[in-house]
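Hi everyone, thanks for making time. I'd like to walk you through one model today, so please have a look at the screen.

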Amino acid sequence: MRTSDIHTAIPQVTTTDDPNAKPTGTIEIPKPKLRLHVNDLRHSGCNTFLSLVPSLASTIDNALVAIIENLYTIPRSSPPRDPSKAPPIFTPSVSPTRSVTIFLRDIDGVAYTNGAELDDDHKEIHISLQYIHKALKLPNPRAEIVGVLTHELVHCYQHTAPRQAGDSAPRPPGGLIEGIADFVRLKAGFAPPHWKRPTSARERPEKWDQGYQHTAYFLEWLEDVHIGKGAIGMLNDRLLRVGYVGEGLQMEGEAPGTGSSAPLPSFWRDLFGSGIKQLWEDYGTYLDKPNKTNDAQRNDGNWEDEIINPFE
Ligand SMILES: [Zn+2]
């Protein structure tokens, strides 16, 4: 039984004249109740975690700042890259997550996140102790673990569908959900060294919704190059307000005739003026340009097994 319907999705909005205020616009940083649940104190991964992340609360608070900055902040003054495009605009509505419990468990995989059985506003992040132990072999184990935490915390705060829609709203592909989580991880500065930003269209994956870093770099291009700051916040907001509508079969390109003059909805075209197929092509065209405008090649490194959550 859901008991949280009194928590509307509209966050507390504050105005501030404080010149030292965090650059997060007018949205307050959420302060969920934080809990830590250690299932096996004797596991070597446990000491590793506690020594690498001794101040878990402040680490999570920093990740929350990154989430608000990158998903819930309207840019104040950045003009759109293309004057013919409207700048991203939306009314941020932060997920009403009330608590986050970190479980350190002896499980396979890396980590996963779910809502509590009784109330989805209470989130659970499960992290593998085996994985934490293995992370010690990486060049920067703390950055890796904080990066995973940030990714999972995004799942606690991102939108995927209108809250009251139940199962009726079309869901976005899992690759988009994972891509948004890694987009915030990337923006927060925790892209691991094995991620590789593509430098040409050929280096793109086949599909835009490949997920994780692959979709994250595509979203980064939308935000930093193609549309402008706030683009992914607007996308996240649209998932809440409308849902992932109009992207079923045969929805790419021009809307087919419907017997009336009203065009069919298209999630991507309605957001950014082009369908996803065109956006993916435009991304490839950009990648093939000799002089790109953003700071590509920042994360060159060797490919390794990327983090994949086997439970989602
Ligand atoms: Zn994930």
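Let me start with a term: helices (H or I, at least four residues) and strands (E, at least two) are DSSP runs, numbered from the N terminus. Two strands pair if DSSP finds at least two bridges between them. Please keep in mind that this is a predicted model, where local features need pLDDT of at least 70, side-chain atom pairs count only at pLDDT 80 or more, and totals for chains, interfaces and linings use all residues. Residues are numbered from 1 along each chain as its sequence is written.

Sheet first. What is the order of the 4 strands in the open sheet? The order is β1-β2-β4-β3, and the pairing is mixed. β1 (33-38) and β3 (111-115) stand at the edges with a single partner strand each, so one side of each has no neighbour in the sheet. From one strand to the next, the twist averages 15°; axes here are lines fitted to C-alpha atoms, for helices over the stretch in contact, and angles run from 0 to 180 degrees between N-to-C directions.

Now to the pairings. β1 and β2 run parallel, joined by 6 bridges, and Leu34 has Val100 in β2 as its bridge partner. Strand β2 (residues 99-105) also pairs with β4 (residues 122-128), in the parallel sense, over 7 bridges. There, Ser99 is partnered by His122, and Ile102 by Ile125.

Helix α4 lies across β2, β3 and β4, running at about 20° to β3.

Let's follow α4 to its helix partners. Two packed helices are described by the angle between their axes and the distance between the axes. For α2 and α4, the angle is about 55° and the axes are 9 Å apart. They are therefore oblique to each other; angles under 35 degrees count as roughly parallel, over 145 as roughly antiparallel, 65 to 115 as roughly perpendicular and the rest as oblique. Which residues meet here? From α2 we have Thr59, Ile60, Ala63, Leu64, Ala66 and Ile67, and from α4 Val146, Leu149, Thr150, Leu153, Val154 and Tyr157. Being in contact requires C-beta atoms, placed from the backbone, within 7 Å. By class, this contact of α2 with α4 has 10 nonpolar, 2 polar and no charged residues. For the classes, Ala, Val, Leu, Ile, Met, Phe, Trp, Tyr, Cys and Pro count as nonpolar, Asp, Glu, Lys and Arg as charged, and the others, Gly among them, as polar.

Next, α4 (residues 141-157) and α5 (residues 174-187): their axes come within 8 Å and cross at roughly 135°. That makes α4 oblique to α5. On the α4 side, the contact is made by Gly147, Thr150, His151, Val154 and His155, and on the α5 side by Ile180, Ala181, Asp182, Val184 and Arg185. These residues divide into 4 nonpolar, 4 polar and 2 charged.

Last stop, α7. How many of the 11 residues of α7 are buried? In this mostly covered helix (residues 231-241), 9 are, including Ile232, Met234 and Leu239. Buried means 20 or more other C-beta atoms within 10 Å of a residue's own, exposed 12 or fewer, and partly exposed in between, with C-beta atoms placed from the backbone. The cover over these buried residues includes α2 (56-71), α5, α6 (212-226) and α8 (267-272). Just after α7, Gly243 takes a positive phi of about 95°.

Notes: Contact = placed C-beta atoms within 7 Å.
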